[in-house]
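Reader: Hello! I have a chain on my screen and would like to understand how it is put together. Could you walk me through it?

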Amino acid sequence: MAVVNQYKFYGVTLTTTDETTMFGASSPLATETYIIKSFRVTNNTGNTPTITIKNNAFAIENAKSLSANASVEILTLPLIVEGDTLLKVTMSSSDSVTIGISYLNIKKEVTT
């Protein structure tokens, strides 16, 4: 079994207050380990919602206020997320927020 490192980007626009899974059970990354280098959130409105980010049940950010019409980098250090872990985001309001995640996927590849 060989290990192949792949640099990736994942982007999504949220307009809901429902808890949203970024990477998880239905994702191709469900069984992989990945290192998130950047978790950038852009508030596309004049409102000031809050964002909560969880790695399974552990809060990475809890009710962080987002400035109106501005972007913020959530991480100051890389975040390691192991397979079978759910990375979830919840917004306090249904304002339009864009999330961009840059990460390194440490993919296990079977070779014969």
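Predicted model: local features only at pLDDT ≥ 70, side-chain atom pairs only at ≥ 80, totals over all residues.

Reader: Thanks! Then let me begin with Asn56: is it buried, partly exposed or exposed?

Author: Asn56 sits in the loop between E4 and E5. Its relative accessibility is 38%. Because that value falls between the limits of 20% and 50%, Asn56 counts as partly exposed.

Reader: What is the phi of Asn56 near?

Author: Most residues other than glycine have a negative phi. Asn56 is a residue other than glycine, yet its phi is positive. The value is near 60°.

Reader: And what is the phi of Ala63?

Author: Ala63 belongs to strand E5 and, at 41% relative accessibility, is partly exposed. Ala63 is not a glycine either, but its phi is positive. The value is about 55°.

Reader: Let me zoom out. How many helices and strands does the protein chain have?

Author: From the N terminus on, the elements run β-β-β-β-β-β-β-β-β. The count of the secondary structure comes to zero helices and nine strands.

Reader: Which are the edge strands of the open sheet of four strands?

Author: The order in this sheet is E2-E8-E4-E5, with antiparallel pairing. An edge strand pairs on one side only, and that applies to E2 (20-23) and E5 (58-65). Neighbouring strands are turned by 20° against each other on average, direction ignored. So, reading the order from end to end, with strands numbered from the N terminus, the edge strands are E2 and E5.

Reader: How many bridges join E4 to E8?

Author: E4 covers residues 50-55 and E8 covers residues 87-91, and the two run antiparallel. Across this pair, Ile53 stands opposite Val89. The number of bridges joining E4 to E8 is five.

Reader: Now for charges. Which residue forms a salt bridge with Glu19?

Author: Side chains of opposite charge can pair when their charged atoms come close. Glu19 lies in the loop between E1 and E2, and its partner is in strand E8, 69 residues apart from it. Glu19 is partly exposed, with a relative accessible area of 43%. The closest N and O atoms of the pair are 3.4 Å apart, and the partner is Lys88.

Reader: How far from Asp95 is the nearest side chain of opposite charge?

Author: Asp95 is found in the loop between E8 and E9. It is buried yet has no salt bridge. A salt bridge needs the atoms to be within 4 Å, whereas the nearest side chain of opposite charge, Lys64, is at a distance of 16 Å.

Reader: With which side chain does the side chain of Asp95 make a polar contact?

Author: Beyond four places in sequence, Asp95 is in contact with Leu14, Thr15, Thr45, Asn47 and Pro49. The polar contact spans 2.8 Å and is made with the side chain of Asn47.

Reader: One last stop: what distance separates the C-alpha atoms of Pro78 and Tyr103?

Author: Pro78 lies in the loop between E6 and E7 and is partly exposed at 46% relative accessibility. Pro78 touches Ile35, Ile36 and Lys37, leaving aside residues up to four places away in sequence. Pro78 and Tyr103 are 25 residues apart along the chain, and their C-alpha atoms are separated by 8.9 Å.

Conventions: Residues numbered from 1 in each chain as written. Heavy atoms only, no water. Pairing = 2+ DSSP bridges. Axes fitted to C-alpha atoms, helices over the stretch in contact; angles between N-to-C directions. Buried < 20%, exposed > 50% of the residue type's maximum accessible area, 1.4 Å probe, protein only. Lys, Arg positive; Asp, Glu negative; His and termini not counted. Polar contact = N/O pair within 3.5 Å; in protein donor to acceptor, adjacent residues only side chain to side chain. Contact = heavy atoms within 4.5 Å.
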